[in-house]
Each structure stands twice: as structure tokens, then as C-alpha cells.
Amino acid sequence: MDAEEARAAARRIVNDPTLTFHQRRHYLAGLAEGLLDYPPLGDEAAEALNKQIICDLFEGPAPYRARYILPDYGRALARGSDHLELDPPGDLDEALNFLLIMYTQVPSITGYPVYLGDFDKILEPFVTGVDDETLRRKLRLFWIAVDRMLPDAFVHTDVGPGDSRITRAVFAVDRELKQVVPNITFKVDPELTPDDLIEDAVTTVFETAKPHFVNHPLMVRDLGEDYAAVSCYNSLPVGGGSHTLTRLNLKAVAELHQGGIETFLADTLAHYVELTAQVIEARIRYLVEEARFFEHDFLAREGLISLDRFSAMFGVFGLAEAVDVLMEAEGRPGRYGHDAEANEVSYRITRRVSDLVAARPLPYCEGNDGRAFLHSQSGIDTDIGVTAGTRVPIGDEPGMLEHIRAVAPHHDLFQAGVSDIFHVEDTARRNPRAMVDIIRGAFAEGMRDFTFNLATNGFIRITGYLVRKCDLENFDAEGARHGSTTFAAGAERNSHVTTRNVKRVVSRESSPRPAS
Amino acid sequence: MTGERGLINRGLTNGGLVNGGPVNRGLVNGGLVNSGLVNRVLDFSLVDGPGNRLVIFVQGCNFDCIACHNPYTIDVCDSCGGCVEPCPDEALSLTFDRGTPEVVVDRNVCTECDVCIEVCPINSTPLARRMEVSALLQRIGSVAPFISGITVSGGEATRQADFVVDLFSAVKSTPGLDRLTTMVDTNGSADRATWDRLAPVMDGAMVDLKALDPELHLRMTGQDNAPVLESIRHLAAIGKLYEVRLLMVPGHNDSAETVKRTAEWLLAVDPDMRVKLIGFRRHGVRPHHAHIAEAEPEHLAILERTLRAVGLSGVVVV
């Protein structure tokens, strides 16, 4: 981009009537960063990045903050903050006030915090003697403040796995307010989490399409006790996070491969995993060694994050198309999600990626023993014709049981999260216990993350984040023109909405650039 | 329409006789094995009892309800062969391998397009098959982590009571499956002896009550309702009545007065019983009954209030 183009782009952003002041400032910052050179890369890695075979999700060429930061809020509340000039809170009001202040100071790729803390745990010390009605009233005000002050669909909180009246209050307030923010993950431990609490969460999904459910024992196995799911299905260590999320387009790799499945796994896939690791390494080194984020940010200085709890996220997407391309190259008819042979090919691909990533050391990734976390990336608005992560293409899913069984074997590998969304008939409303059964079954089957939604609630899940249907309604005709059955069209439809009217709540991670 | 027609079609002239009737007991591999004539098995159902359930739809029913949503499960295939030629997938063939005519299905080819059902002179299906308890146990075992229990629906579950007893007994005595609840979805026509055989291994029954008035019941089902009323009383008395289902068919059994009388009768049996009020939908019903109007939600709301006003505490509306 030369200076003239940069000026024109800046002018478009400044004069864009569909962007709020904050959105304009955010995109201007992205534009300025985009004028800088990319960290040094080999020719092959640079070319793969240019061709979008490897995608850095528009994080920018000069990373100056880690992508996902999970501050240890419990520690902050216990010790106070010199930087924020806040003493440790002594009651619930002070704690909520403390948190609201701190949220505004947590960096992220979107400018908004992706993690608000494990609410049931961090508030527990402050609710003794607070009756349920008072707790709910204070939490309600807090929820409204969070939604209005942090209007980004990737702002996320966690609860569970144990029973807690804070968790029950969170669900009740969320059902009442029906806000996009905050997104919620509910940690489920089949041994510990009571059925009626899971049922409470299920009935919350009926109203707000939240929470997501995660398999707590599996997460603890891979990440330790102190983990959280943040943003959109990203599970990471608390007190740490991820420097970057760089993803490999498996569809594109399969399409440029000459030959069959064996040589794909042995050579082509290995080559592009290495190139992706090179991009990740270059980005990490810039963040840590050049921008020196961990030396100046107050979260690090005050011990609320530490570099040794960070790693990077190695993302994959387009598995469905990759499998179909490879099956076709060998003259085999099966499709991913429907055919045992095709599914087997998909497992071989993710297993191979997992082995390669586990064998590739990366600097400043002590949060995962010097290796990247594997992540099944759930897409952004610009993905057209390529399926998110390791999902079965939307509209092409088999029956629920077959669907669960097809995707579950992948979940074991993706420590940093994997998203498969299940669409459930509205009859579930009258039988929430049935969803409790299915969630328990899915975790017994080895699933890590479980997300479902009904056709009839007021929210639609795009790539993993939420949009209110009423925000989309004016654009039905537009959506239909693009075909509403595919995932890509859904995201496209959303991006059209964002280009046509001012929206208070945005989804910055999935719409990283202004529409041009 | 009378009960005799149903009996002739369903008991005496059907293919079930070829296999020894709807229930088949015999020695296989040296053990006593029970099998049932099964229309289909659904791994997940959110609407056939509490929680997520595996549902076994058996073939064959002694009622002929005007509002039946799966009328192809009423009669049992008599292997007349009339569906073999029309099958667009060429999945059906007529064999005499066992000495008598039998329509055989190639399930690798069948696309379940239902043409065979459309052309069947008795509105049955050649797709029902005999399934052994052991095979069903395996199927149940494979989905056990996902379900609260199993439900035998139909068709009429109690017409194959020996099979259901054996199936439920097997579930209750198999480690890993013994936590599953066992239920039947029934028209309530079984006699007390049948319920007493089922009771030790059955957690509950969901009983359809089409009409309290015997004349109306006969018009709507082709059968007398005295056994149904007796079943409801008996099941409630032995603690095995999970719910009574009232399917509201507009113009037939959905007047406020009719519903009020039904409610009073149910109240006398058990004021706390779970009563599910269901609005009639045309989906699946036979063409000659498809003129019946669908139930209006507003009217169902009125009937719900009627049920509650009488004093029933466990009313749910679908």
C-alpha cells in the first residue's frame, strides 16, 4: 500500500457513516499498523501468507499486544493494583467496581477484553451475607454495564463446574436481559456438576443461545485446573493466553497438492505446517522481543499474567473440503461427516497436524511446554466456500448422533478449542432434560466443546459469536440473494449488515477489517 | 367401521401368521430368544417421555384411529407383493424361500421413499422387520450414554407384550443399561394381566385417551374404550401411569364440555396425574382423514384452563 492508497483508505474510514467513533479509531489504528513491514519471513512462508493458504486473521504486521489475554482476576481482586491505584475490594460492590475498571485496561486484538474471569470463583469471596435477591440485582446492573461498555461479541465469561448461586444468578440474569455480551462458557464435570444446574444452563440456551458447554475433565487434562474458554471456543491457561492465532487453510493445501492421501500427509501437509509455524514464530518474536509487550504491560508487571503461561494457537480450517478433495483425487465417493472412510481420512489429517505441531518447538511458548496449542478455528466473515475449523458444512450435517460421532474423535486433539454447532428442534424447549442427556453423552463420547442452538430463539450464531436476529431482520432479502443455507452466506449476510447501518455491538474478531 | 375389520386385517390374514404372529418365541443358538416386529428404531427422541430416549416403534395396532400420524404401523404386511414392481429403487423382491410368499427388502438400496406404503392396499409397509432382543440391546448399549431411557411405541406396544417384557427385563439386568428407564406409549387396550406382567420391568406408561364417551371413542378408534379406562385406573393404582395424553381433534373430542367431563373423570383417578394436552396436526394422517382441521393454539389454551379449573395439577400442553 503506497502513501496515496493509505490516505484514501484512511479517508474512507474517517468518513464512513456506518462506523461509530470507536470503530473508526480502531480501524485507523489497524490501517497504520498495516503500513509497517511484516516480521522477517522466508520466501515460501511469505508467499503462503500472501496467497491466504496461511492466514493471520488480520492481526496486523507488527503485533504489540498478545491476541488472547486471560488476566488472573482472582489474584488482582486479592492483591489490588498499583497501576490502577485500587486497593483490594472489601465487598461485592467494590469487587464489581474493581472489575469494571480493570476490564477497560486489558489489551486484546479487538481492543476489548476476551475474558472477564470465572465469575463464580472470583466473586465467591464477596457474596457471603449477600442475599440472592441483592446478588441478582447487582449482577444485573453489572451485566448491563458490561454489554454497553464492552460492545464486542467476543467478550467472554466462564462459570462452573461446581454448583454455585453465583452461576445460577448469572444464568437467570442472562435469560432476563437477553444481551449479546458477555458470551458465556459453562464448565461441566460429569462427576461434579448436578443435572439440574446443567438443565438451568440448557434453558438459558433456549433464551439466549448461551452458554457453550465444555468438558471440564478433558480441559484439565490438557490445560491444568486454571484454564478458561474465552472469546469463541478458545481454551487457554488463566494468567496467560495466546500470542497469536494463525491458521492453516486445509482446503487450499489439499487443492494445491498433486497426488493422493499418503503423499499429502507425508509431504505437502508437513511442509505447510512448518511454514505456518514459521509465521507464528516470527509474530511471537516481534511481540516479545521487539514490541516487548511483556516488559511494559501492567498486567505482566503486577503478575496478573506471566509470559511462561503463554503459548500460541495453531489453527486449522477447511478440513471438510480438504477431505472431499483428497477422496475425489483417489476416486473415492465418500464425503466428510457421512462416510466412514472419509471420516477416517479426516482423523488422519488432524492427527498428523497434531503430531507435527507437537514436534515443532516455538519460542516463548512455555504455557504449553514450548509448543503451540492446536485450535479448530471457527471462521471469519471473509471465509467463503470453506468450512470453519473441522466442522461438517452447515446444511450438510448428518443426524445428531452420527454428527457427534463423526466429529468427536477430533476433539481430543484440539486443546485450545474446537467448535461444532448442533441445531436442535424446538421441541427441546419442553424437554430440557433431553439436552442434558445429550450433553452428557457427547462428553462421554469424547467431545471437548458442545454448542447447540434452537431455530426459534432471538439469536443467530454466525461463526461462533452471536448476533441478535432483530439486528438482521432488515436484511432478509439481501441474505436470501446470497443463499441462506451455507455457513459462508450467513457470515456474508452479517458482513452486509455491518456495512449498512451503525451497530452498537460489533464482532471485531470476525470482522477484522472495515468493509471496502 | 368396526373392530371386526381391524381384527381380520391385523390378526387373521396378515403375514404375522407366517412368522407365528407378531411375537416370535423360539430356540435360537440353544437359548430362548424373543423378537418383535419392529417398524423402526429412533436413536434420539425428545418427545417420547422424560429426557432423551431411544424409541422402538413396533408394527401392528388394534386401533384404527382417524388421527393416526403413522398409519402404516397399524396393519402388518401380508406379503401380497403389490409393492415390488412400483418400488423405484428396485429394493423389494418377492421370495418363497421359506415356503410362503415374503417381501424382502434390500436395505442397502432402499431410500425410504415410502412409495411402497403409498401403493399398499392395506396401508402397511414391507420395511418392518423382526428384531431380536439381543440386537436391540446392542443398539441401546451404543447410545446409552446419551439417553435417559427407552420407549416402546408403535403400533401398539402391548400387542407384543412378551417381547416388551423380555426387552425391558434384559435392559434392567444388563450392567450399564440398568439405570435406563423403560416406558411404553400405548393406546391402553391391554388387559390387567398384561400390565401386571409388564409392571415389574416397566417404569411407566403413557396412555392415549381418545375419548371418554364410548360411542365417540368407537367412532374415533374403531374400538370400545372400557379397557382403556380400566388401564388408566389400574396403572395409576400401581404407580405406573407416567401420563395420560389427550389428543384434541377439532370437531370430534375438543368441545369444552367433553374435555371438562374427561377432566373430572381423570381427577377422580388421580388429581396429580400428568395430563398432556396435544393439538391435532395433519402430518402423516391418511388422505381420507386429512380434511380434519388442525387444532388452534388459542382453543388449546382454553382447554388447558378447563383442565386446570377442574383441579388437575399436572397439565402440560404440546
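A disulfide here is a pair of cysteine sulfur atoms within 2.5 Å. Keep that cut-off in mind for the first two views of this predicted model.

**View 1. B:Cys80 and its closest cysteine, B:Cys120.** The sulfurs of these two residues sit 6.1 Å apart, and that's too far for a bond.

**View 2. B:Cys61, a cysteine with no disulfide.** Count the disulfides over all chains and you get zero. B:Cys61 is buried, with a relative accessible area of 12%.

**View 3. The open five-stranded sheet of chain A.** Read across the sheet and the strands come in the order β3-β4-β5-β12-β11, with mixed pairing. At the edges stand β3 (156–159) and β11 (421–424) of chain A; each has a single partner strand, so one side of each goes without a neighbour in the sheet. On average, and ignoring direction, neighbouring strands are turned by 30° against each other.

**View 4. Where β4 meets β5 in chain A.** β4 (residues 183–188) and β5 (residues 212–215) of chain A run parallel and pair over four bridges. To find your way around, look for A:Phe186, whose bridge partner in β5(A) is A:Phe213.

**View 5. Two helices lying across strands of the sheet in chain A.** Helix α10 (residues 216–223) of chain A lies across β4, β5 and β12 (449–454), at about 60° to β5(A). Helix α17 (residues 400–411) of chain A lies across β11 and β12, running at about 165° to β11(A).

Definitions and conventions. Residues numbered from 1 in each chain as written. Chains lettered and ligands numbered in written order. Predicted model: local features only at pLDDT ≥ 70, side-chain atom pairs only at ≥ 80, totals over all residues. Heavy atoms only, no water. Pairing = 2+ DSSP bridges. Axes fitted to C-alpha atoms, helices over the stretch in contact; angles between N-to-C directions. Contact = heavy atoms within 4.5 Å. Buried < 20%, exposed > 50% of the residue type's maximum accessible area, 1.4 Å probe, protein only.
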